[in-house]
Amino acid sequence: MFDLVLFVAFPYLAVVTAVWAGIYRYRNDRFSYSSQSSQFLENRLLSWGSAPWHYAILLILGAHLFALVIPGVWGSLISDPVRLDILEVTGLALAATALFALGLLVYRRLTTPRVRAVTSRADWLLLVLLLAQVALGLWVSLFFRWGGDWYLHTAVPWMTSLAKFQPEIATVTTLPWVVKLHMLGGFLLIAVFPFTRLVHAVIVPVTYLWRPHQVVTWNKRPTRTD
Amino acid sequence: MDIRAQVSMVFHLDKCIGCHTCSVACKNIWTDREGTEYQWWNNVETKPGTGYPTRWEDQEEYRGGWKLDGDDLKLNLQSKIGTLGNIFYNRRLPTINDYYEPWTYDYDHLFTAPEGDDQPTARPVSLITGEFMEIESGPNWDDDLGGSPVYAANDPNLEGLSDEERSQMEEIQRVVFFYLPRICNHCLNPSCVAACPAAALQKRGEDGIVLVNQNQCRAWRMCISGCPYKKVYYNWSSGKSEKCILCFPRLESGQPPACFHSCVGRIRYLGVLLYDADRIEEVAKSPDADLVEAQRGIIQDPFDPDVIGSARAGGVPEAMLTAARQSPVYKFVKEWQLALPLHPEFRTLPMLYYVPPMLPVLAKVRDGKYDVADSDAEGLTPLLTSLESARMPLRYLASLFSAGNEDVLTDVYRKLIAVRVYKRGETVGDVTPEEAREALIMGNMTAGEAEAIFRLTALPSVEERFVVPPLGREAAVEEQEGDTYTHKREAGFGTRTGPARRW
Ligand code: SF4
Ligand code: SF4
C-alpha cells in the first residue's frame, strides 16, 4: 500500500502539480519566469560553478531521458561491454563534476554576502534538494554498478507504465533504498519545479537561432499601400 | 524606401553645466527601487574620464556593439550559438564593482546613540547586503576631473593621442574638461536587441523607442554586454534588465522626458527624424571614416514629397510628419550638420546626437603672466577660440564623435566659430564686417543660417526645444486591447503588479 502511494500516487501528483502550477504561473505571473542570475553580484566563483554544473547536469539528464524515451536504442548501445564501460565512466565523471560544481555554488551562496542577500528560502530548498539528488545519483553509480543497464529494466518499465496509465511497480519496489530515494527525489524536484527559479529550465530561448537579430514591434504593422 | 519615424535627441554640450539635475529627475521617477539604486539611466560624465561603468568605451573588454567582418556585420559579443553556449556564464558581463555598490547611512544611530564623549556618526550601510561598508567609489567619483591620475588618465579615447597632446591636456593652465550627459540612444540598429536571445528587447515601430519587455526578460544578461554604451542595467533584485524608456508615459501625454524637461542648461532637444529602414544595414556597414556621413544620409527630408509619400504609404501618421517638419533635431543633425553621434564606430546608429563643445579660450602662462595665446592666428579677437589652438585636441573629440575622422569635426567647429564671430560682430562690435564675412565663408554658411543657429542654441522656447509628436496611445490601446473606454485617463504600462521578485 505504502509502495503504491510512493511509486504511483506521488509521481502522478508531482507531474500534475508541475504542469498545472507551471502553466498557472506562466499565465498569471510571467514576470516571475526568470533565471534570477546573480552573476552581476559575484562572477569569479560563478565562472567555476555555473557552466560546469549546467553542462554536466544537462548531459546526465539527457542520458536518463534518452534511455527512457528510446530504450531500444539505449539497449543496443550498451549491449557492447566496452561501450557500457565508457558510458558508465563518463556518467560517473559527469556526476562528480556536477556535484563538485553544485557544491561550489552552494559555498558561493553561503560565503558571499551580496549573493546571500538575493537568495530566497525557495532557493535554499532547491539547492538542498539538488545537492541530495546529485549525491544520491553519484552514490548509486558508484556502488550499484552497471546502472546504465539495470535502469533499463527497472525504472524505465516503471515510468513507462505510469505514462501508459497502467502502473506496474514490481520492478522498482525491491530495489535498494538509495536507488528508491534517487527515483523519488527526481519526482520531488518535478513537483517543486514550478514554485522555484527552476522554471527557467523550460524557457530555453532556442528560437533565437532562427529569429532575425532585430525585433521591431508594432501595435499594428501597417500594410504598405504603394 | 521604407520610411519610419524616430523620436530623436540632440544634446548641446557647450551648454551643459554638469549640474546632474537630469540624473536626479530620472532617478526620482524610475530608479528609486531596490535593485535599481545603482542604475543611472541618465548619467553625466566628465570627459576625459573613464565614465560609468568604468571604461565602458573599451570594447576590447566589453565586446559591445557590432563589428565588420569582411562584408558581414556581426555582433561584437558572440554568434547566436555562442549566446546559448555562454548563457550559464557571460564572460563579458560587467559586475556591480564596475559601477559601484549602492549605500545609505545609518542615520538612526544619530538619534539612538548612547550619550558619550564623541559625536555619533552615521556609518555607510550597503543597500545590497544591509551591512556596514567602506565607500570606495560612487557615482561621478571623478566629477570635474577629481582623481584624474586614476580616472581621466585611463580614458580609452586618449589611446590615439601623442605624448605631446596628452601632456598638453594635463598642463595646469590648460587643463580642460567637459560634461557628457548620456542616456540610451534608442539606436536604429540596436545591438542590445540583437543580443537578447529571449527577444525581450524590442524597438517600437511607431516611434523607435527601445524597451525591455519585463514579462519576457529571463535574466540571460546578454543585452548588458551587447549595448556598447552600457545603457541596459541589471536589476539584481528582480532579476530583470531595465533601461531608459525615454519616459514614454510622459511622451504619451505630450510632455518631454523628465531629464529633458528639468535640464537646467537647456541643452536638450527632442524631435522626430524620418529614416529609411531599408538602408540600416548598408549604413552600419560603412567604413569608419564615412560613418557620420552615412548616418546623416539615412535621415530623410521631411519636406520631400517622395519621402512624405512613402511615409504615408507605410502608415506613418500625419501628425508624426508634421512633427518631423518642425523637429529641432532635424535642423541640428541634417540641415546644419552640427550634431554628431557618440561613437558611431559601434555601428548601432545611435539616435542621440551631440553638438561638440567649443571649450573656453586657450591660455598659457608667458613670462609669469596668464596670457591668451595665439589668439591672432586667424585674425580673431582673443575671446574667440581659434580652431588650431583649441585646448582639447581635435583627435580626442574625433575619437568620441566621428570614429576618428577629424575633418568632420573641423567642419562642425568652423561653423560654431562662424556663428560666434558673426554674432559678436553684431552685438559687441569688435569684429569687423570683413572678419565676420570671412568666418561665415570658412563655416560654409549664410548670415541667415548663423542667425537661426544662434536662435535655436541660445534663445529657444520650450516648444522649440521639444517637439513631442502625438504617440497615438488611443490607437495603440484599441489595437492591443480593443476597448479604449476602460483605459481612458490612463498612461504608461498597463500593469498593476510591482516589478519585484515574488517566487
Ligand atoms: S544605446 Fe540603447 S538602443 Fe542603443 S544599444 Fe544601447 S541600450 Fe540598445
Ligand atoms: S540637467 Fe542639463 S545642464 Fe545639468 S547636467 Fe544634466 S544635461 Fe547638463
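This is a predicted model: local features need pLDDT of at least 70, side-chain atom pairs count only at pLDDT 80 or more; totals for chains, interfaces and linings use all residues.
Two strands are taken to pair if DSSP finds at least two bridges between them. Strands E12 (residues 268-276) and E13 of chain B are joined by two bridges and run antiparallel. Within this pairing, B:Tyr275 of chain B is found opposite B:Ile299 in E13(B). The sheet to which these strands belong is open and has five strands, in the order E13-E12-E1-E15-E14 (chain B), and its pairing is mixed. Strand E13 (299-300) and strand E14 (340-341) of chain B stand at the edges; each has a single partner strand, so one side of each is left without a neighbour in the sheet. Strands of a sheet pair through backbone hydrogen bonds, in either a parallel or an antiparallel manner.

A second pairing in chain B involves strand E7. Five bridges join strand E2 (residues 43-47) of chain B to E7(B), and the two run antiparallel. Here B:Lys47 has B:Phe178 in E7(B) as its opposite residue. How many of the residues of strand E7 (residues 178-182) of chain B are buried? Five of the five are, so the strand is largely enclosed by the rest of the structure. In a regular strand, side chains alternate between the two faces of the sheet. In E7(B), B:Phe178, B:Leu180 and B:Arg182 point one way, while B:Tyr179 and B:Pro181 point the other way, and all are buried.

The side chain of B:Ser126 reaches two backbone nitrogens, that of B:Ile128 at 3.0 Å and that of B:Thr129 at 3.1 Å. Leaving aside residues up to four places away in sequence, B:Ser126 touches B:Glu101, B:Pro102, B:Trp103, B:Glu131 and B:Met133.

B:Cys184 is buried, with a relative accessible area of 7%, and B:Cys192 is buried with a relative accessible area of 7%. A search of the whole structure finds zero disulfides over all chains.

Chain A contains ten helices and one strand. Along the sequence its elements follow the pattern α-α-α-α-α-α-α-α-α-α-β. The C-alpha trace of chain A spans about 70 × 50 × 40 Å along its principal axes, and 44% of the 226 residues of chain A count as buried. Among contacts in chain A between residues at least 6 apart in sequence, 76% join residues at least 24 apart.

Finally, the two chains meet in an interface. The contact takes 66 residues from chain B and 54 residues from chain A. Between them, chain B and chain A bury about 5400 Å², of which 56% is on carbon and sulfur atoms. Which three residues supply more than any other three of the area that chain B buries against chain A? They are B:Lys80, B:Phe88 and B:Trp503, which supply 17% of that area.

Technical notes
Residues are numbered from 1 along each chain as its sequence is written. Chains are lettered from A and ligands numbered from 1 in the order in which they are written. Side-chain values use heavy atoms; hydrogens and water are left out. A disulfide is a pair of cysteine sulfur atoms within 2.5 Å. Buried means under 20% relative accessible area, exposed over 50%, partly exposed in between (1.4 Å probe, protein chains only). Helices (H or I, at least four residues) and strands (E, at least two) are DSSP runs, numbered from the N terminus. A polar contact is a pair of N or O atoms within 3.5 Å; within protein, one must be able to donate a hydrogen and the other to accept it, and residues adjacent in sequence count only if both atoms are side-chain atoms. Contact means heavy atoms within 4.5 Å. Buried area is the accessible area (1.4 Å probe) that two parts lose on being put together, summed over both.
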